[in-house]
Amino acid sequence: MARVKIAKPNAVTDPAVAGIFEWVTQMEGAVPNHFFVEMNFPEFFPAKLGATKVLWESGELSMEEIQHVGILVSKDNGCSYCTAAFCTILTHGLGTQEEDVKTLVEQGVSSVENPRLATLLKFALQVNRSPATTTDADVNALREAGLTDKGIVQLIHLVSDFGSYNRLNLALDTDYDYRDMWRALASQV
């Protein structure tokens with residue numbers, strides 16, 4: 001049971017919040033509990049989710065690449081809630097085959113055949129685990145994969161953004177409301 005209330009409003013009157021709820025419903029099929037946990041700090045909710053939306057829609061990474069990063073960073077951080085959320089977006093919202101997503105969760109970067117995506121994911125995991133060990137060669141590999149400075153900064157901010165959601169959901173034990181299959185896969189070591 002969540003350590004804070006699941007703050008489901010009776011009505012949404014704030015246009016920014018309504019827009020966020022509409023956006024997440026398109027991507028996930030419903031507004032998940034995580035968003036209602038965030039509503040406990042209503043002043044921050046539109047800013048936080050608005051920043052996430054900018055990261056997802058205005059940079060150089062595709063939405064599919066972003067969800068792959070979210071899945072592996074969340075699994076790396078032990079957050080089955082967020083892993084399931086990004087699996088849901090990749091399958092429900094973006095139409096990726098469920099078997100492909102299962103393979104990604106089970107096998108990680110080693111299952112990725114696309115060289116650009118593999119480079120992005122390896123870098124994201126390195127930044128998640130030990131950002132101070134990043135080298136010029138690591139950043140140059142991102143440039144060789146097609147990112148400019150903007151995309152490199154976007155990728156690092158994505159890792160940080162996913163990590164913040166992971167911490168919130170882990171610390172507050174957000175009530176799980178995704179498919180049990182994703183939680184089981186995310187929990188595998």
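A search through the whole structure turns up eleven aromatic pairs. To count, ring centres of Phe, Tyr or Trp (its six-membered ring) must lie within 6.5 Å, with planes under 30 degrees apart called stacked, over 60 edge-to-face and the rest tilted. This is a predicted model, where local features need pLDDT of at least 70 and side-chain atom pairs count only at pLDDT 80 or more, while totals for chains, interfaces and linings use all residues. Numbering runs from 1 along each chain as its sequence is written, and side-chain values use heavy atoms, with hydrogens and water left out.

| Pair | Centre to centre | Angle between planes | Class |
|---|---|---|---|
| Trp56 and Phe162 | 6.4 Å | 50° | tilted |
| Phe86 and Phe162 | 4.7 Å | 65° | edge-to-face |

Phe86 sits in helix α5 (residues 80-93), 76 residues from Phe162 in helix α9. Helices here are DSSP runs (H or I, at least four residues), numbered from the N terminus.

How accessible is Phe162? Its relative accessibility is 0%, so Phe162 counts as buried; the cut-off is under 20% relative accessible area, with a 1.4 Å probe and protein chains only. Trp56, at 8%, is buried too, and so is Phe86.

Elsewhere, ring pairs join Phe21, Phe35, Phe36 and Phe45 into a cluster.

Lys48 has its charged end over the ring of Tyr165, 4.4 Å from the centre, and Arg183 lies over the face of Tyr176, 3.9 Å from the ring centre. A charge sits over a ring if NZ of Lys or CZ of Arg is within 6 Å of the ring centre and within 35 degrees of the ring normal.

Methods
Buried < 20%, exposed > 50% of the residue type's maximum accessible area, 1.4 Å probe, protein only. Helix = DSSP H or I, 4+ residues; strand = E, 2+ residues; numbered from the N terminus.
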